[in-house]
Amino acid sequence: MTIGIIGSGAMGAGLAQVVATAGHTVRLLDQNAEALQRAGAGIQSSLNKLAEKGKITADAAAETFGRLRLTQDVGTFNDCELVLEAIVEDLSVKQQLFREVEMLVPDTCILASNTSSLSIASIAAACKKPERFIGIHFFNPAPVMQLVEVIPAVQTRAGLAEEVRDLVHSWGKRPVLAKDTPGFIVNRVARPFYGEAIRILEEGLADMATIDWALTELGGFRMGPFALMDFIGHDVNYRVTESVFASFFYDPRFKPSFTQKRLFEAGYYGRKSGRGFYSYA
Ligand code: NAD
């Protein structure tokens, strides 16, 4: 199966590695040439590290990398059987992308979004054949995280969710079917996790390091809320919070915080920019 991945940032690069490892030919596209080269180098280095640790053989690493085609030409997607996008979290940009992609790919090609918070129905609505559209939501870092949410839209044809669930399962992941509601399962639960942590900070009840320490050392979480928001990136995480808040008709439970909004506005996106809640310089 040939799979097209659009967007080669944190998620797209990880998705390309997952599907190439599963044996598929992958076309990885980004509008930004630098991001594309960075993704290629990152995937190669990640596969080499797995080989050095003895988790895969050096041959398997080379074969996997050999299945990856970096491209800036969406015309090469004409043989794709699945196209999964991981571009910026913006509805109109995603809709425009699928309008273009749909003209190039075969009629049988499945179209999918890795959106964290936008409604799958609203992206599908831009397509001529919305019945082939579905959400496939991975977690960061995609090669490591087991969970994948598979989200059929109201327009998705009967049976496609189960086909995609089985496909994702064959990639060694643990898929769950989720309804097309804001934040699906995990990002809905995660909003109050982040939101309450920021409120505790704003109310002066504890500092960031203490909150992160309490939740990791004592609470059993792998990462504390501030370290996790910095890891995800405030550009992505803040937009998701705004989107979930609006999608729940401005339910105050999901209200974004000015503290995070200011980080977002300042370009303090977290690890990726060297500064977020914490400094990574
Ligand atoms: P990112 O900023 O790291 O990468 C996005 C990439 O898309 C960039 O390289 C950019 O150049 C490219 N891009 C933007 N518009 C494009 C277009 N029109 N055509 C081609 N390329 C384009 O973002 P990310 O963190 O990888 O997130 C991508 C998507 O995945 C978002 O929808 C986000 O909500 C979702 N997501 C993110 C996470 C996370 O933890 N970061 C987890 C799950 C899902």
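Predicted model: local features only at pLDDT ≥ 70, side-chain atom pairs only at ≥ 80, totals over all residues.
Figure 1. In total, 27 residues surround the ligand. The closest of these are Gly7, Gly9, Met11, Ala35 and Asn140.

Figure 2. Helix H1 provides the largest share, with three residues.

**Figure 3. Domain origin of the shell around the ligand.** Both domain 1 (2-177) and domain 2 (190-272) take part in the shell. Each of domain 1 and domain 2 contributes at least three residues to the shell around the ligand.

**Figure 4. The open sheet of eight strands.** The strands follow the order E3-E2-E1-E4-E5-E6-E7-E8, and their pairing is mixed. Strand E3 (68-71) and strand E8 (174-177) form the edges, each pairing on one side only. From one strand to the next, the twist averages 25°.

**Figure 5. Pairing of strands E5 and E6.** Strands of a sheet pair through backbone hydrogen bonds, in either a parallel or an antiparallel sense. For strand E5 (residues 110-113) and strand E6 (residues 133-137), the sense is parallel, and the pairing extends over three bridges. Leu111 has Phe133 in E6 as its bridge partner. In the order of the sheet, E5 and E6 stand between E4 and E7.

Terms used: Residues numbered from 1 in each chain as written. Near = placed C-beta within 6 Å. Helix = DSSP H or I, 4+ residues; strand = E, 2+ residues; numbered from the N terminus. Domains from an automatic or database assignment. Pairing = 2+ DSSP bridges. Axes fitted to C-alpha atoms, helices over the stretch in contact; angles between N-to-C directions.
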